[in-house]
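Reader: Can you walk me through this one? I'd like to start with the ground rules.

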Amino acid sequence: MSLKIGIVGLPNVGKSTLFNAMVKGSKAEAANYPFCTIEPNVGIVEVPDERLAPLAEVSKSKKIVPAVIEFVDIAGLVRGASKGEGLGNKFLSHIRECDAIAMVVRFFEDKNVTHVTGTINPKDDIATIETELELADIETVEKRLFTLEKVPMLRSGSRPEGVGKMNRIEKEALQKIKILLYDGKPARNADLNEEEQLVVKNLQLLTFKPVLYIANVSEDKLVDFDDTSYNFIPISAKIESELNDLDDKERVEYLETLGVKDSGLNRLITESYKTLGLITYFTSGEMETRAWTIHKGWKAPAAAGVIHTDFEHGFIAADVVPWQDLFAQGGWTGARTKGLVRMEGKEYVVKDGDVCLFKFNVKK
């Protein structure tokens with residue numbers, strides 16, 4: 001499955017600088033004026049996973065294929081965007097295409113980089129962005145409710161069975177969301193059942209998407225950053241840029257001198273997986289060792305489907321072994337000899353770190 005995260009924030013908060021630092025070789029423009037990013041910059045980032053190399057070693061794999069995340073650097077948002085100010089609807093449409101929002105909030109002081117409001121106030125900046133997203137969602141919800149109200153009463157046999165029921169479910173869900181939005185709260189806070197979540201998802205409401213709050217801090221504030229109001233992920237875009245010029249060993253040494261265990265990118269990826277409820281399973285053999293991203297709780301057929309739809313439709317069973325056991329026993333043969341490889345069926349819930357070998361029939 002693909003994962004796309006939109007990097008958003010007010011103009012001049014360091015979005016493009018951070019994007020360039022995370023996506024090596026990207027050429028997103030970072031300048032001291034609003035809307036220097038017009039069309040979104042897109043970059044693919046490999047997900048660091050220390051389990052891949054050991055697995056590839058015991059499987060004698062010819063190549064390693066990590067999971068990836070797509071980051072989208074979206075133009076700066078300003079007050080009134082929901083009504084077309086700044087880049088308005090263009091900005092909002094780019095967010096709709098993302099699975100999650102990474103909101104960059106400026107904490108750093110720099111007299112050479114102007115703030116769009118003239119004052120650095122993180123809470124006000126967040127309130128501005130969230131208000132604009134909520135206003136845009138109110139418009140979407142109102143339009144959809146108006147459309148549903150105009151749907152004529154169903155007559156027997158006049159429309160496909162179940163359409164009326166789904167319309168009622170959608171109206172009830174949207175009414176719950178409408179109340180929240182008018183109260184200044186995001187759609188994701190709505191108490192929706194599984195059916196309601198399914199119908200609402202198609203509207204791609206902006207405040208229904210999960211949000212990661214990134215505090216763009218100065219170098220000297222990175223270690224002792226203590227603002228917990230929004231569960232911020234503290235990142236210094238400046239430091240991330242400097243890390244790009246170092247090799248792996250130098251990068252580790254530099255982070256140690258700063259008193260930081262991991263790069264901001266790695267922390268962001270870790271939090272992204274946690275927030276979105278994602279896990280990683282592996283396939284490993286002579287051709288390749290590959291990481292696959294799935295939602296936590298997915299059963300074996302659905303997990304197999306991210307490789308190819310034929311794997312899901314024709315699923316028979318899966319040989320499964322925890323990655324530590326496969327590595328400790330020197331590969332599949334050793335793990336089978338020790339009885340560590342299990343055969344699992346359609347009801348098996350795949351776990352993070354499982355190594356899977358799927359068996360399936362191609363249905364014609």
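Author: What follows covers the core, the strands, the aromatic rings and the pocket.

Author: This is a predicted model: local features need pLDDT of at least 70, side-chain atom pairs count only at pLDDT 80 or more, and totals for chains, interfaces and linings use all residues. Residues are numbered from 1 along each chain as its sequence is written, and side-chain values use heavy atoms, with hydrogens and water left out.

Reader: OK. How many residues are in the largest nonpolar core?

Author: It has 66 residues. A nonpolar core here is a set of buried Ala, Val, Leu, Ile, Met, Phe, Trp, Tyr and Cys residues joined through side-chain atoms within 4.5 Å. Buried means under 20% relative accessible area, exposed over 50%, partly exposed in between (1.4 Å probe, protein chains only).

Reader: Which residues have the most contacts inside it?

Author: Met22, Ile69, Phe71, Met103, Leu268, Tyr273 and Val355. By element, the largest share comes from strand E5 (residues 100-106), with six residues. Strands (E, at least two residues) and helices (H or I, at least four) are DSSP runs, numbered from the N terminus.

Reader: What does Met22 touch?

Author: Ile7, Val45, Phe71, Leu265 and Leu268, leaving aside residues up to four places away in sequence. Contact means heavy atoms within 4.5 Å. There is also a second, separate core of 17 residues, and Ala173, Leu174, Ile177 and Val200 are among them.

Reader: Switching to strands. Which way do E1 and E4 pair, parallel or antiparallel?

Author: Parallel, over four bridges between E1 (residues 4-8) and E4 (residues 68-73). Two strands pair if DSSP finds at least two bridges between them. Ile5 stands opposite Phe71 in E4. Strand E2 (residues 41-46) also pairs with E4, antiparallel, over six bridges. There, Val42 faces Val72.

Reader: And what does E10 pair with?

Author: Seven bridges join E10 to the antiparallel strand E12 (residues 354-360). Ala317 sits opposite Lys359 in E12. E10 also pairs with E11 (residues 342-344), antiparallel, over three bridges. In that pairing Asp319 is opposite Met343.

Reader: Is E10 mostly covered or mostly open, and how many of its residues are buried?

Author: Mostly covered. Six of the eight residues in E10 (residues 315-322) are buried.

Reader: Where is Ser272?

Author: In helix H9 (residues 264-276). Ser272 is buried, with a relative accessible area of 0%. Ser272 touches Ile5 and Leu212, again not counting residues up to four places away in sequence.

Reader: How many aromatic pairs?

Author: Nine, from a search of the whole structure. Rings of Phe, Tyr and Trp (its six-membered ring) pair if their centres lie within 6.5 Å; planes under 30 degrees apart count as stacked, over 60 as edge-to-face and the rest as tilted.

Reader: What kind of pair do Phe225 and Phe232 form?

Author: Edge-to-face, at 6.0 Å centre to centre with 85 degrees between the planes. Phe225 is buried at 18% relative accessible area, and Phe232 is buried at 10%.

Reader: Last topic. How much space lies in the largest pocket?

Author: About 830 Å³. On a 1 Å grid over the protein atoms alone, a pocket is an open set of points where a 1.4 Å probe fits, with protein on both sides within 12 Å along at least five of seven lines; lining residues have an atom within 4 Å of a point. Grid points are joined across faces, edges and corners, and a volume is the space filled by probe spheres set on the points.
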